[in-house]
Amino acid sequence: MFGYVRPLRGELKVRTLEQFQADYCGLCRSLGKRFGFAARFTVSYDLLLLYLILSGMEPEAQRTRCRCPARPWRCRACAPESDAMTFTAAANVIFTYEKLSDALHDERGFRKLAAGLGKVLLRGAKRKADRIAPELAEKTAEQMNRIWELEQSRDPVMDRHADAFAQMLCACSDYFREPSLQRPAKELLLHVGRYLYLVDALEDLKKDAAKGRFNPLLYRFDVRNGMLSPEDLAYLKQSIFQSLNRAEAALDLLPLKGSDELLHNIICLGLPAVLQSVADGSFRSSVMKMRRTQ
Amino acid sequence: MRDPYEVLGVKPGASDEEIKRAYRELARKYHPDNYTDNPLADLAQEKMQEINEAYDILTKNGQSANSSYGSTGQSGSYGRSGFGGSQNSYGSSPAYAQVRQNINLGKIQVAEDQLNAIATRDAEWYFLSGSIAYRKGWMDEARRNYEIACQMAPGNLEYHQALNVINGSGMYRGGNGGGNVDGCSVCSSLLCADCCCEMMGGDLIPCC
């Protein structure tokens with residue numbers, strides 16, 4: 001969806017990086033197997049975090065091998081199918097579908113056309129996903145309406161917009177039945193959601209200000225030429241860091257086994273690094289550089 | 001009860017030193033200070049209790065029972081101090097007392113509705129509004145409300161403490177780094193301690 005959730009690779013053990021890649025391939029394969037080939041294109045790092053949380057309490061699963069459709073000559077290690085994987089794949093389809101609906105509503109021209117086409121292609125997958133996670137589908141649609149209403153009313157409370165978005169991710173915590181797991185998972189997803197929303201708003205600020213589109217930061221801060229003043233930027237960064245601290249405190253309360261290292265790396269190192277690079281405007285170019293070196 | 005070695009994450013037969021180190025690490029992680037006004041404070045407290053019990057069993061009860069920090073009773077009052085505790089000293093109205101009670105019970109939505117029903121917006125109203133926002137994870141709103149409360153009642157320690165907690169929490173802990181102790185701060189703390197000792201007639205560092 002956004003591509004902000006990623007580990008800080010330099011700090012990972014080779015073994016953990018391999019696990020991360022296997023989980024990514026596993027998610028992609030699960031999307032293809034359960035929801036059809038079109039659904040494979042929706043795979044993202046962001047939802048991989050959800051998989052790591054949902055499967056985190058189980059010991060690391062035995063990997064299988066699979067062929068990657070993007071690079072068919074290579075065989076890759078692949079996390080096996082599991083309940084957590086299926087749920088994550090369903091969530092991925094549901095979120096992507098809603099995002100496309102949002103784009104169809106907001107965008108013009110080519111992007112609008114692409115969003116409409118994507119929606120048509122994903123219709124079958126969405127129906128299957130609704131069957132696997134009916135509560136999540138319902139809550140997501142509900143929150144999307146809330147987000148639209150808040151945007152229409154130009155609500156100046158930045159946290160209200162962020163909360164409406166974060167509640168969509170939060171709904172995934174219902175995967176856990178025991179409150180001792182569900183509550184920390186919910187808190188964790190809530191703060192990651194707030195992080196994602198605000199970082200996205202910060203990255204798009206300049207574009208949105210130029211095109212006259214909605215951006216919550218426009219109504220909270222005094223924005224000039226699509227830029228925040230250095231004080232406001234420092235304040236916003238601090239506020240987002242506070243969310244990450246709360247996310248880390250929640251993460252510490254989950255009895256993690258398999259994905260402990262990876263999750264700590266993402267929350268404590270990866271997300272702060274991404275925030276830093278979005279704030280100083282180097283994020284997109286650093287992503288491009290990373291893709292080339294991979 | 002779980003295996004105490006498993007709770008502390010050490011191998012059975014680990015040395016006292018290893019057990020102590022593992023215990024310190026965990027106790028720092030789950031210390032009530034890290035969960036001030038956090039909706040998960042009760043879970044952290046349970047965890048702390050479990051760690052303390054495991055440590056006490058492994059270090060043969062008696063002698064070290066006192067050394068485990070934030071032992072059960074204490075940590076209970078910790079997480080909630082500054083909140084329910086101070087409600088009498090500031091003479092809050094019954095309506096506010098009810099809001100505070102609901103916040104402490106974790107009924108955030110009820111507390112929010114009650115608070116919004118109160119028409120007069122004084123310093124305490126903003127403080128409680130900030131506390132509710134903080135629990136919901138609305139960090140920006142929480143800080144704004146705490147700031148207003150502090151401006152309206154500059155002498156109130158409770159409000160300032162809350163603002164300090166939220167400002168402090170923006171300093172990112174950054175993974176396992178923990179307390180940022182550098183050489184300089186250690187030295188200057190020692191020198192301060194030495195000066196204090198000398199003032200009282202003693203001496204901590206004999207050479208200066």
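Modeller: Let's begin with a word we'll need throughout: a contact means heavy atoms within 4.5 Å. In chain B, 48% of the contacts with a separation of 6 or more are between residues 24 or more positions apart. Before we go on, here is how to read the model. Residues are numbered from 1 along each chain as its sequence is written, while chains are lettered from A and ligands numbered from 1 in the order in which they are written. This is a predicted model, where local features need pLDDT of at least 70, side-chain atom pairs count only at pLDDT 80 or more, and totals for chains, interfaces and linings use all residues; side-chain values use heavy atoms, with hydrogens and water left out.

Helices (H or I, at least four residues) and strands (E, at least two) are DSSP runs, numbered from the N terminus.

Which residues of α4(A) are buried? They are A:Ala115, A:Gly116, A:Gly118, A:Lys119, A:Leu122, A:Ala125, A:Lys126 and A:Ala129. Here, buried means under 20% relative accessible area, exposed over 50%, and partly exposed in between (1.4 Å probe, protein chains only). The cover over these buried residues includes α1 (14-35) and α3 (83-106) of chain A.

Helix α3 of chain A holds A:Glu98. That residue touches A:Lys126, A:Thr140, A:Ala141 and A:Met144, leaving aside residues up to four places away in sequence. A:Glu98 counts as buried because its relative accessibility is 10%. By contrast, A:Gly56, 42 residues from A:Glu98 in sequence, is 27 Å from it in space, C-alpha to C-alpha.

Next, the cysteines. A disulfide is a covalent bond between the sulfur atoms of two cysteines; here one is counted when a pair of cysteine sulfur atoms lies within 2.5 Å. The structure has zero disulfides over all chains. A:Cys25 is in no disulfide, and the nearest cysteine sulfur, in A:Cys66, is 5.5 Å away. A:Cys25 is buried, at 13% relative accessibility.

A:Arg154, in the loop between α5 (134-153) and α6 (158-170), has a phi near 55°, a positive value in a residue other than glycine. A:Arg154 is partly exposed, at 37% relative accessibility. A:Asn225, in the loop between α8 (216-220) and α9 (230-251), has a positive phi of about 50° although it is not a glycine. With 73% relative accessibility, A:Asn225 counts as exposed.

Finally, back to chain B. Its secondary structure comes to 11 helices and zero strands, and buried residues make up 39% of its 208 residues.
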